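Good morning, everyone, and thank you for coming.

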Amino acid sequence: MIAFITRRLLLGVVTIFLISVLSFIIIQLPPGDFVDAYIAQLSSSGSQVSAAEAENLRQLYGLGEPFYVQYGKWLGRIITGDFGESMEWRRPVTEVIGDRLWLTLLLSFAALIVTWGLALPIGIFSAVRQYSFADYAFTLVGFIGIAVPNFLLALVIMYFAFVWFGASVGGLFSAEMALAPWSAAKVWDLIKHLPLPAIILALGGTAQLIRIMRANLLDELRRPYVVTARAKGLSEARTIIKYPVRAALNPFASNIAYLFPYLVSGSIIVSIVLGLPTVGPLLVKALVAQDMFLAGTIVLLLGVMTVIGTFISDLVLMWVDPRIRHQMD
Amino acid sequence: MTTRRDVLGLAIGGTIGLAATRTLAQGAGQFAQSGLVGKLEGATLAETIPASFQEAPVLAELVRQGRLPPVAQRVPAEPLVIQPLHGIGRYGGTWRRAFIGPGDGENGNRLVASDKPLFWDLTGSKIAPAVARGWELSADGKTTTLFLRKGMKWSDGAPFTADDFMFWFEDLYGNKDVVPAPIPEMSAGGKPGRMVKVDETTIRFEFEAPHLLFPSMLAGDTLIGGGQAARQSGSGTFGCYAPAHYLRQFLPKYSSEAEANARARAAGFDNWVRMLKIRHNWALNPELPTLGPWRTTRPINTPTWAMERNPYYYAVDTAGNQLPYLDSVVMTLAENTEIVNLRAMAGEYDMQERHIDLAKLPVILENRDRGRYDVHLDLAFNGADTALHFNLNHTADPEIGRLLASADFRRALSLGIDREQLNETFWLGLATPGSAAPAESVPESPGPEWRKKWSVLDVAQANAMLDRLGLTRKDRDGYRLRTDNGQRIVIQMTVTKAFLDWPAHAQMIAQQWRRIGIFGDVRDQERALAFQRVLAGEHHIFVFGNTGSEQLFLYPHFVLPVDIGNGVLGVDLARWFASNGAIGTRPSDPAVLQTMEMFRSATTLDEPARNRLAQEIWKIVIDQQFSIGVCGQSPAFAGVRLVSRRMGNIPARVCIAQHCRTPASSHPTTWFFKA
């Protein structure tokens, strides 16, 4: 098992390396090198960059040298925490992302809790009471949830929230609270703003997980060990929760891999529609503005998150499912 | 499309009926009859200085704690006295507003534009005092004198004197590293002028030739017309004053080149010039001493751009209350303009006109009572809310450059545009379609006959003109081919979604150009990036408005290639003009040269003669189609104003214009929250 974990870890490191190469390629993609872009920006703000200065900058970033040398210099700076400066925001990339990271994590976490909180019990219920009225109802709602893109859902919900409740739309704080220092009132303001985006972000995933949970559990419920458990006289609740549900949980665990990047970037389109100050819209803006250090850093962050997520989901799978654990030995 | 106008008619309700909306839409430019366009009005200036001064409670508290000197010591001995529109206001409150990112600096700059040396009255036609209490143009027109206010102070309490002007002239403008090329504003008759300190509160600008335009330039949004503005901080000059006591520390002159650069690098900048420019931007640097009514407390590159009152602001109301009334301004970052509109309709902003979408007017009106706001439409005086500006000096692709430089090619593209369709789709059918010339009510207007010149739909004539240019070969899809390599002619339209949905306008125009066999390639780019491309001279056509062009000599860059800060019409031509031929490219087109010479002669003319000159320039510009006008004189460019019903002293209509730095010329310092 140790060998397995080590292997996964090493693979992870290799993947992260490949992702970093990819991010670097993305940074390099716009025509001209980024000193050109930088000089263009400087001259548009009236500064003139002398040829000598431009040459200095090129040397600093190792431009004009082979790709792997440039990449090496970039990687060297990243390891020391220097991700470069965002050209649009005129601040270090880490600060620009940092501004939004906590709110993004909070929002995504809320969405995650809603997803699991709804999907697990409903999935179990639908499987156990298969073909009941409630199962059909949930199935219907579930299919709609899967079929409707969630940005559309966002628009519709936003419309009704506005028309019926005059609810404030867009953002995570009302305007007067955005600036206020953290206080009970501000937390309350955040709590008031949180459900709408959290639910919208959660719905698509919830519907999917309900279906997966139901299907898996249905498979398990027909297994002989369930019959055995019942024959032994175990209570119905214990029978279901203790064995088949546990076995059916696998998809939840393997989903963790995708949760991590999701936590950071959320659903980009939903964030844009709802005007949420999360990392997703920042990535889009950075790409539009060719703010390549910012865009590359976010891409790198998302990639690394996916790798870490995959690794953790492996561990969790091993923990919930003895079959996987034993296969490895 | 009629339906949307019907909605508008219904929403306006009693004011005009459905049938009336239909009839009025058949004529052009009918916004005025919507009942939402009020009388041009606003705060005025008063002569009498009040006997005593009062201050906002938040400042009184600081005075009581001993952290601020009393108000009588903070306000200048000769403050600007303002008579608010309706009455004396109440202190306090936060003005909630939206901005859309670090590129939206003008959003805040325009609120504090009373930091200019001179300004305009509410009609936008008469120069008014601002930072300077008065000015004088000598009889021979060669000197302009500015009289400053005794006892005036920067926002940090340091004295503001003639030395701050001299510091700008000698240490910033005079330093090639900071301002690489001389600005046209500072020269007359082709010779550079100079600035002289007469005494602590008197500054004189001296020229060798008459410079009758100079006072207007000090008041206009020009490179000399002072204060915090995009033109000043970005490409500009920081003219014509600067906080010497604060900025000296960044200049090598007061230490050494090495020391200044070391200091810059320690702060994370490449060199001292870069650091100076960032530090001199009030939106980015909360420490910068300023003169405007509010100063930044949270910079623009964070999710909230926040400002609070300047305790040393130089204006009071007629009762002696130091302005502004509002304690603070908080602008929240909206991820896109759709969100700005939605939140505005939910009543989450106290006053918002920037980024409000005219096409949403029916919905905006529908939600007036729920959002508790009033809607005012402020009509523009410039000719085109949407204009296609040609790069008259495109060199990267010679074949395209040749076409763009050809007047007949430009005319044909203009004749290939169906302005009625665009008007119906994007302006509710209520704007004025036609050329880029300013409104007929403006003194510089060349006359109504120039509205239609080359600016109506005539596909047959357009095709004939393009054929005559030798562009007769077409590909299978009917697009005309280049004469050099047989490829399709692709005309790039660089466009940015800023005030109007210009990318959508450009898409529709590209569709319409199919009929004349021209392939328009719409390049929707982020604003800063788009302007970068323009300054590099890489674009073919830049789609934007022609805001400010109703004052041709103050804001010429959407009319003639004469402004180095904005090269939509060819940045190298502008460099040539601004440097008197020292750098840049000499225009090969005689029409460009002729208009440049005419433009240059304006400095020696008095106002009536200047107006006549402007009319003549416009006739050439329209005939040559340097820019294609689409539709204009609507409230589309920051003229749909949503104002909370809690706010007082709000004018029914304000003059929206570049030189008025809307809304600054209507004195936002006098706006307040009613009880």
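A nonpolar core is a set of buried Ala, Val, Leu, Ile, Met, Phe, Trp, Tyr and Cys residues joined through C-beta atoms within 7 Å, where buried means that 20 or more other C-beta atoms, placed from the backbone, lie within 10 Å of a residue's own. Please keep in mind that this is a predicted model, in which local features need pLDDT of at least 70, side-chain atom pairs count only at pLDDT 80 or more, and totals for chains, interfaces and linings use all residues. Residues are numbered from 1 along each chain as its sequence is written, while chains are lettered from A and ligands numbered from 1 in the order in which they are written.

In the largest nonpolar core, which has 225 residues, the members that touch the most others are A:Ile298, B:Trp168 and B:Val543. Helix α16 of chain A, residues 292-320, gives this core its largest share, nine residues; helices here are DSSP runs of H or I with at least four residues, and strands are runs of E with at least two, numbered from the N terminus. A separate, second core of 29 residues includes A:Ala111 and A:Met213.

Now to the sheet, which is open and mixed in its pairing, with five strands of chain B in the order β21-β20-β22-β18-β23; two strands pair if DSSP finds at least two bridges between them. Its edge strands, β21 (519-524) and β23 (627-629) of chain B, each pair on one side only. Within chain B, β18 (residues 387-390) and β22 (residues 541-544) pair in the antiparallel sense over four bridges, and B:His389 stands opposite B:Phe542 in β22(B).

Terms used
A residue is buried if 20 or more other C-beta atoms lie within 10 Å of its own, exposed if 12 or fewer, and partly exposed in between; C-beta atoms are placed from the backbone.
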